[in-house]
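Today I'm opening a new model and jotting down what I look up.

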Amino acid sequence: MEPKTIKKIGVLTSGGDAPGMNAAIRATVRAGFFYNLEMYGIYRGYEGMINNEIKKLESKNIAHILERGGTFLKSARSAEFRTSEGRKKAYENLQKHGIDALVVIGGDGSLTGAHLFFQEFGIPAIGLPGTIDNDLSGTDSTIGFDTACNTAIQAIDKIRDTATSHDRLFFVEVMGRDAGFIAINAGIGSAAAATLIPEKKMPIERLVERLKARTKALKQSNIVIVAEGGKSGGAAEIATKIKKLLPYYDIKVTILGHLQRGGSPSSFDRVLASKLGVAAVEGLMQGKYDVMAGVINNKIVFTPITKAIVDDKEVDEDDFRIAKILST
Ligand code: F6P
């Protein structure tokens with residue numbers, strides 16, 4: 001598409017927050033200033049766009065946010081934006097401020113919003129992959145995934161200390177409603193006895209066999225990682241089933257939950273978010289619309305949003321195989 005002249009860019013974060021979102025906002029805004037553009041913060045995602053929570057940003061607004069978790073623009077999951085009336089209200093508010101392009105940082109739902117908005121109103125938009133789940137195609141890693149994996153692994157290390165002291169079997173639930181990326185990473189990185197992910201069904205009998213074999217091998221502790229969207233249920237459900245089949249185990253369940261969404265972003269996420277923020281502004285200036293900026297093999301890549309959100313990014317078969325080899 002022929003590039004439109006862009007003067008004012010609005011930036012927003014939407015959906016589940018992720019460590020590194022602040023770094024992405026900062027890079028987007030800094031890049032905008034570098035190219036002499038006016039930059040606007042849209043607060044509370046699409047909800048704020050509908051309610052006109054839009055403010056012109058200055059350099060001081062983004063000082064010292066790179067290293068902070070969460071998102072200073074705040075985030076929301078907007079039901080109203082899913083309606084055409086809601087999107088019309090949002091569009092009218094952008095018009096009031098003269099905003100002529102958008103950078104949307106979020107997961108698949110947020111990027112779908114940007115796509116619809118572009119289709120309906122022709123507002124040039126670029127998405128940045130901001131989710132701990134890593135479930136977007138068009139990028140090797142999403143912003144926040146690395147930090148969330150580090151957080152999960154550090155927590156599991158601590159759980160292992162107490163598991164070993166008491167000879168206990170722990171079921172640890174990690175986030176990932178439909179995706180097992182955090183689970184498989186945490187499983188490999190924390191020497192789990194087994195990893196249960198939404199993408200693969202592991203029959204309960206196989207888990208029982210694995211645990212029995214480990215007991216025979218005199219393993220000192222057993223940690224089973226369960227992705228929250230696991231096919232055989234969450235950690236509590238699986239723990240109950242195992243308790244019935246292996247009553248001699250002293251079993252505990254820990255759900256890591258939103259702990260994984262917080263904290264200062266890792267070096268990897270800071271750099272990724274920073275590269276993508278600059279890419280978003282430069283992409284808009286070059287006429288790249290309705291796309292998501294990502295990094296594949298260390299190179300910036302723009303993928304149509306419709307392709308990035310398709311649920312076809314899969315946990316690497318090798319990762320799954322490696323996790324299995326290392327847990328026996
Ligand atoms: O999409 C990120 C994520 O953290 C998922 O892993 C999780 O299922 C979901 O968000 C939780 O969302 P909420 O914070 O709205 O309950």
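Before anything else, I wrote down that a polar contact is a pair of N or O atoms within 3.5 Å. I also noted that this is a predicted model.

Entry 1: Next I checked His258, and an N or O atom of its side chain is 2.8 Å from a ligand oxygen. For Asp133 I got 2.7 Å between a polar side-chain atom and an oxygen of the ligand. Then I looked up areas: the ligand alone exposes 400 Å², and the protein buries 77% of that.

**Entry 2: the shell.** Which residues surround the ligand? My list reads Arg77, Thr131, Ile132, Asp133, Met175, Gly176, Arg177, Glu228, His258 and Arg261. Sorted by class, I have 5 charged, 3 polar and 2 nonpolar residues in that shell.

**Entry 3: domains.** The domain assignment gives me domain 1 (8-143 + 265-310) and domain 2 (145-262). How far apart are their C-alpha centres? I found 34 Å between the centres of domain 1 and domain 2. I then looked up contacts, and 17 residues of domain 1 touch 14 residues of domain 2. Back at the ligand, I saw that each of domain 1 and domain 2 gives at least three residues to the shell.

Methods: Residues numbered from 1 in each chain as written. Predicted model: local features only at pLDDT ≥ 70, side-chain atom pairs only at ≥ 80, totals over all residues. Heavy atoms only, no water. Near = heavy atom within 4 Å. Polar contact = N/O pair within 3.5 Å; in protein donor to acceptor, adjacent residues only side chain to side chain. Areas by Shrake-Rupley, 256 points an atom, 1.4 Å probe, with all protein chains shown as cover. Nonpolar A, V, L, I, M, F, W, Y, C, P; charged D, E, K, R; others polar. Domains from an automatic or database assignment. Contact = heavy atoms within 4.5 Å.
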